[in-house]
Protein chains: 2
Amino acid sequence: MALIVQKYGGSSVGDIERIRKVAQRVIEAKKEGNQVVVIVSAMAGETDRLIGLAHQITEMPSEREFDVLVSTGEQVAIALIAMALESQGYPARSFLGAQIRITTDGVFTKARILGVEAERILEELEKGTIAVIAGFQGIDEEGNITTLGRGGSDTTAVAIAAALKANACEIYTDVEGVYTTDPAICPEARKLSRVSYEEMLEMASLGAKVLQSRSVEFAMKHRVPIHVRSSFSQEEGTWVLKEDEKMEEVLVSGITCDKKEAKVTISKVPDKPGIASKIFGAVSEANVVVDMIIQNVSAEGYTDVTFTIPQTDLKKALEVVRRVSQEIDAGGVESDSNIAKVSVVGVGMRSHSGVAARAFSALGKEGINIMMISTSEIKLSCVIEAKYAELAVRVLHEAFELEKTKR
Amino acid sequence: MALIVQKYGGSSVGDIERIRKVAQRVIEAKKEGNQVVVIVSAMAGETDRLIGLAHQITEMPSEREFDVLVSTGEQVAIALIAMALESQGYPARSFLGAQIRITTDGVFTKARILGVEAERILEELEKGTIAVIAGFQGIDEEGNITTLGRGGSDTTAVAIAAALKANACEIYTDVEGVYTTDPAICPEARKLSRVSYEEMLEMASLGAKVLQSRSVEFAMKHRVPIHVRSSFSQEEGTWVLKEDEKMEEVLVSGITCDKKEAKVTISKVPDKPGIASKIFGAVSEANVVVDMIIQNVSAEGYTDVTFTIPQTDLKKALEVVRRVSQEIDAGGVESDSNIAKVSVVGVGMRSHSGVAARAFSALGKEGINIMMISTSEIKLSCVIEAKYAELAVRVLHEAFELEKTKR
């Protein structure tokens, strides 16, 4: 008998008809002899409706109360799913974060899970009950309701799968799995049957919207096998697993694209120790997360520093950077939101060379100018002009023959 | 410094504009130097919306999950009120039933409050925080969410006022207070400034919809002064208090009317010991609550038994009664939904005689036939034909000169 955790997102429980279908799917897994735990997000649109109410009250709602408010979305969903299961004759019980002590830190609206009380769930499973658990929410040590931020239900699912030592954590979504790239941009994109945690992490943080990166980190740490699949079909999806040798045989597993960043350049920065920390210390204090940073070797005691940040934080960042720029007596500050970051990801890059050369050459042939480059062990990212984003994705997909991928 | 509990019903928090007004009112009480605890119901319509979702899933939803579902209504309301207070610069904190351990028995959908953890609330009040508490909900000893049934937020308010030894429990509603009778039926109706717990209990259970009877019982037991008043005006409303001598000087304090009962008559019942218990035992097992019971002295070894029950239970009751009637070899069973119960209530009746005579004479003058009579120390009820209900109310109101009431 296996223990399966199934997570259904907001679109999978978007209306009563879909909730009934989810219940049917859960029952199938139960009928196959599994112990089943279901994690549910709020019905599609509900979280936005609640946020709308808060913003009608005040522009800057109390974050503690915000979490009290939006966590009701999942509560409604678990009650309805449990009702649907019970009405079909399958014993089920809903649980809130507080009821199974999903403890988190005290950072409202983006809390991190610290632990889960597995015993309470196992007790129910042993009685043959299906446990239906609210995603996205927990409680801090004072008993306040916290939420995990958008996409947090994935993390709930993985944390619970880890605590229960589940055989699999199935993430049901509205796509068939993880693709070599976005099929909307590149029709040749292929579904991957397996990716490693490391690759999935890079893809998640690089803009593939399938899984929240926190949930992948958690799964990697606790070795939880994730199965990303469609709630509308019975097809196998993509397994996210520990890297193995076979995975390394494939050079590149995917191409991602992110158009939500902006770049900021500070020119003629005096090349002295402590300057970089002055700049990025100030940016970080303003709660702006910096992604890529490029600093060229200096010429005549000066250097240019370029970095990328989320577009939504550009205004805030520019204020800070302009102030610091004057303090350190730099030349000036320029910014550009009209950029895209395309990335090539694959664990095979560790043991194969020539990936960068092949990528640059492919982009070069189409006349796409590369503005910034950044690499990690299993990733190569290039910042280019936004208008070339889709073309770059298709060109790179072809250059690495991903339409023939066998993963 | 006084400690005030304020309870706002669903219509008082029906939309964002009204929620803002409630916050304003709470702030006024705070500014006057009081410690303030606010109890809130779900926004008007929300509970019905949630019940609708449940019934789309299944006709007979799991009662445990039903409570998980509908309790979200109050959760949304407390978060919004607390946000509104905080946005005006007044520290506030919302609390769910579970967070301040409003413990109840385990009867889902109509649980009874057993206790409240006052310390947690007092701690916040002493810091100057306004506590905003979800009405209608609690948890049983296993930590399951329970709800108290319609109108349960009144009981929450009184229970919390009792636990905190509050100076007053203000119940905000859409009427100005408790009236001598329904002003929609009798334009001469007058607002009472004071009624006793006993009178309010009779009025509540007789059909005056101002307060849930459970909440009045609770207030009576713990001597909580209730102030029923309008959330749309600053007028004093009606105080519900321990009876005092002055109250007894007034013969009758109110006339109520209930058109939601039906009567059932079993004719030619053999007059033997144990027969009544057979009949009412069976009715009670079917979970039907009997109100009035009349049995005349027997003639020739037979008697007729008549009783009243809620109209909504009539079908269920008739099935049971017809079966029992055959078992005990009675003559037959008849029923009538076309009735109304009008009642005269007043603590003064204890020390004054002649109330019944005056009531019968007033009804008789208008040719209104009395089908059943029932009395208690402070109440006289008559069952009449439904079509005379409003007329009877006006006639009795006049007969006892309630338009001149000085309470």
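# Notebook: two chains, looked up piece by piece

**Helix 7, chain A.** I started with helix 7 of chain A and listed its buried residues: Y197(A), E198(A), E199(A), M200(A), L201(A), E202(A), M203(A) and A204(A). Reminder to myself: this is a predicted model. I then asked how much of helix 7 (residues 197-205) of chain A is buried. The count is 8 of the 9 residues, so the helix is largely enclosed by the rest of the structure. Next I checked what those buried residues pack against. In chain A the partners are strand 10 (194-196), helix 8 (213-222), strand 12 (238-241), strand 13 (254-258), strand 18 (339-345) and strand 20 (379-385).

**Strand 1, chain A.** Back to chain A for strand 1 (residues 3-8). Here 5 of the 6 residues are buried, so I noted strand 1 as largely enclosed by the rest of the structure. Which way do strand 1 and strand 2 of chain A run, parallel or antiparallel? They run parallel, and 6 bridges join them. One facing pair I wrote down is V5(A) with V37(A), the latter in strand 2 of chain A.

Why do I call E32(A) exposed? The cut-off for exposed is 12 or fewer other C-beta atoms within 10 Å, and E32(A) has 11, so E32(A) counts as exposed. I also took a distance from here: the C-alpha atoms of E32(A) and K263(A) are separated by 52 Å. Along the chain these two residues are 231 residues apart.

**The four-stranded sheet, chain A.** Chain A has an open sheet of 4 strands in the order 15-16-14-17, with antiparallel pairing. At its edges I found strand 15 (293-295) and strand 17 (332-336) of chain A, each pairing on one side only. From one strand to the next, the twist averages 15°. I then looked at how strand 14 (residues 261-270) meets strand 17 in chain A: 5 bridges join them, and they run antiparallel. V264(A) is opposite S335(A), which sits in strand 17 of chain A.

**The four-stranded sheet, chain B.** In chain B I found an open sheet of 4 strands too, in the order 15-16-14-17, again with antiparallel pairing. The edge strands are strand 15 (293-295) and strand 17 (332-336) of chain B. Its twist averages 15° from one strand to the next. For chain B I checked strand 14 (residues 261-270) against strand 16 (residues 302-310), and they pair in the antiparallel sense over 8 bridges. T265(B) has T306(B) as its bridge partner in strand 16 of chain B.

**Where the chains meet.** Now for the contact between the chains. How many residues does each chain bring to it? I got 27 residues from chain A and 27 residues from chain B. On chain A's side, helix 1 (16-31), helix 2 (46-57), helix 3 (63-70) and helix 4 (72-87) each supply at least two residues. Helix 4 of chain A gives the most, with 11 residues. By class, I have 16 nonpolar, 9 polar and 2 charged residues on that side.

**How the copies are related.** A rotation of 180° with 0.0 Å of shift along its axis puts chain A on chain B, with an RMSD of 0.1 Å. The two copies are therefore related as by a two-fold rotation axis. The same surface serves both copies, since 100% of the contact residues of chain A recur in chain B. Which residue of chain A comes closest to the rotation axis? My note says T72(A), at 2.8 Å (C-alpha).

**The core.** Finally, the largest nonpolar core: 248 residues, with I81(A) and I81(B) having the most contacts inside it. Leaving out residues up to four places away in sequence, I81(B) touches I19(B), V22(B), A23(B), V38(B), V40(B) and V132(B).

Terms used:
Residues numbered from 1 in each chain as written. Chains lettered and ligands numbered in written order. Predicted model: local features only at pLDDT ≥ 70, side-chain atom pairs only at ≥ 80, totals over all residues. Contact = placed C-beta atoms within 7 Å. Nonpolar A, V, L, I, M, F, W, Y, C, P; charged D, E, K, R; others polar. Core = buried A, V, L, I, M, F, W, Y, C linked by C-beta atoms within 7 Å. Buried ≥ 20, exposed ≤ 12 C-beta atoms within 10 Å, placed from the backbone. Least-squares fit on C-alpha atoms with pLDDT ≥ 70 in both. Pairing = 2+ DSSP bridges. Axes fitted to C-alpha atoms, helices over the stretch in contact; angles between N-to-C directions.
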